[in-house]
Amino acid sequence: MFAAGHASLAGARVLLLEKNRRCGAKILITGKGRCNVTNNEPDVRKFSGHFGSGGKALLTALYAHGVQDIIDFFTRRGLPLTVERGERVFPTRGDARDVQKLLESFLVEAGVAVRCSCEVRRLVRDGSSIAAVETPSGIFRGRCVLVTTGGLSYRETGCTGDGYRWARELGHEVVEPEPALTAIRLAETWTGEVSDLNLRNVELRLMQEGKLLEQRFGEVFFTRNGIGGPIVLDLSNRTRLALKDGGVSLVLDLKPAVDPSLFDKRLQRELTAHANKDFRNALGGLLPKALIPLFIKLSEIDPEKKCHSVTREERLRLLKLFKELRLQVTGCDGFGKAIITRGGIDLKQIDMRTMRSKLVDNLYFAGEVLDLDGPTGGFNLQVCWSTGYLAGVSAAARVQDGTEK
Ligand SMILES: Cc1cc2nc3c(=O)[nH]c(=O)nc-3n(C[C@H](O)[C@H](O)[C@H](O)COP(=O)(O)OP(=O)(O)OC[C@H]3O[C@@H](n4cnc5c(N)ncnc54)[C@H](O)[C@@H]3O)c2cc1C
């Protein structure tokens with residue numbers, strides 16, 4: 001949508017083909033229905049640094065249409081944005097539907113012809129270029145073709161990996177697509193009992209054979225069969241990799257600001273204050289209500305025991321639950337629940353100054369179909385805006401005078 005609109009504004013006659021009944025289905029589920037449109041990181045190099053080895057290749061796109069440009073794009077068209085924790089930028093009204101609607105209006109404003117319920121089946125090659133695209137409603141010819149078919153996650157939004165197939169058929173290499181930014185599955189059977197609870201300001205450590213692989217601070221929640229939340233998503237890629245080498249565990253620290261010996265003193269104070277009460281009534285000041293039954297169960301302390309008779313050993317067990325709750329990882333969620341797809345069309349065969357294929361003269365790629373994946377926080381959509389813009393204006397320039405600007 002963004003690429004098509006900008007190609008049209010740059011002077012090309014544009015036809016957008018979308019297989020769903022409406023464009024932008026995935027936008028509606030982004031940011032839990034609130035759409036985290038970008039990350040307010042003004043430093044282009046820092047921004048691109050979030051994309052690992054692919055980051056450098058992104059620089060032209062980010063300079064062409066960066067974070068401030070996308071903020072201006074939305075706000076000038078009447079969608080106020082708000083910067084939240086972690087520099088995440090959301091529509092102030094917090095409704096992803098506003099983003100989808102705005103992009104639809106943008107297509108009208110730019111004069112793009114849109115055909116929905118029109119699935120592209122094949123790109124028809126003629127020598128060194130694409131001559132046409134084939135759909136059940138007929139063949140469409142154009143001077144340039146821009147592929148933005150996304151990845152493989154949440155297939156119901158239309159992402160079935162068609163762009164990868166076409167690219168392979170045209171000689172492009174495709175880095176094996178894998179689910180990325182997913183929840184992590186755990187062996188613990190109790191996770192579903194506390195799945196309604198958001199735990200903020202906690203620390204999660206990813207461990208293998210006693211070695212710390214990575215750690216994050218932020219928000220998590222338990223799910224029916226594991227753990228999710230922003231910091232879990234960001235740890236999931238490393239987790240998936242580490243699992244190939246053996247067992248992996250997560251260690252959750254519910255009180256990362258307090259060191260263990262200080263927190264032990266806090267526990268002692270709490271038990272003394274409730275000395276003649278049952279243990280089950282002593283944890284209210286330390287834990288969210290919903291977690292108390294679980295902690296009593298995991299601590300293996302008799303809930304009816306008076307606090308004054310809780311032993312040192314029992315208290316240390318309790319301390320461990322607060323500071324080092326060990327969770328056994330069994331795997332990560334698959335494409336069905338992945339925020340993005342890792343892997344995709346190899347950047348080596350794309351001229352990243354224009355987003356044009358180095359193998360096929362008039363073929364452009366943008367968005368998630370490319371081998372680029374970043375962390376949560378609005379980074380991934382910004383890459384779609386930036387590469388989409390660059391591909392759109394480059395293709396328009398080529399259509400008009402045979403060269404890209
Ligand atoms: C649950 C969830 C939450 C997310 N939240 C965020 C967030 O808050 N912030 C963020 O930055 N990123 C987020 N992302 C990632 C972000 O949504 C994607 O990276 C982004 O939408 C990719 O954009 P795209 O245009 O490349 O592809 P898509 O948005 O996937 O669009 C591809 C389009 O191509 C169409 N298509 C595919 N094949 C064909 C064909 N053969 N013929 C015709 N049309 C076809 C599809 O129907 C689809 O409409 C989230 C993703 C998910 C799944």
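A hairpin with two residues in it links strand 7 to strand 8; strands here are DSSP E runs of at least two residues, helices are H or I runs of at least four, and both are numbered from the N terminus. This is a predicted model, so local features need pLDDT of at least 70 and side-chain atom pairs count only at pLDDT 80 or more, while totals for chains, interfaces and linings use all residues. Residues are numbered from 1 along each chain as its sequence is written, and side-chain values use heavy atoms, with hydrogens and water left out.

Strand 7 and strand 8 (residues 138–141) run antiparallel, with four bridges joining them; strands pair if DSSP finds at least two bridges between them. Glu134 has Ile139 of strand 8 as its bridge partner. Strand 7 (residues 129–135) also pairs with strand 6 (residues 122–126), antiparallel over five bridges, and there Val124 stands opposite Ala132. Strands 6 and 7 form a hairpin too, with two residues between them, and Gly127 in the turn has a positive phi of about 65°.

Now for the second largest pocket. On a 1 Å grid over the protein atoms alone, a pocket is an open set of points where a 1.4 Å probe fits, with protein on both sides within 12 Å along at least five of seven lines; lining residues have an atom within 4 Å of a point. Its lining takes residues from domain 1 (2–180 + 339–401) and domain 2 (183–333), so the pocket lies between them. There are 21 lining residues, and His50, Gly52, Asn237, Arg342 and Asp373 lie nearest the centre. Helix 7 gives the largest share, four residues.

Conventions:
Domains from an automatic or database assignment.
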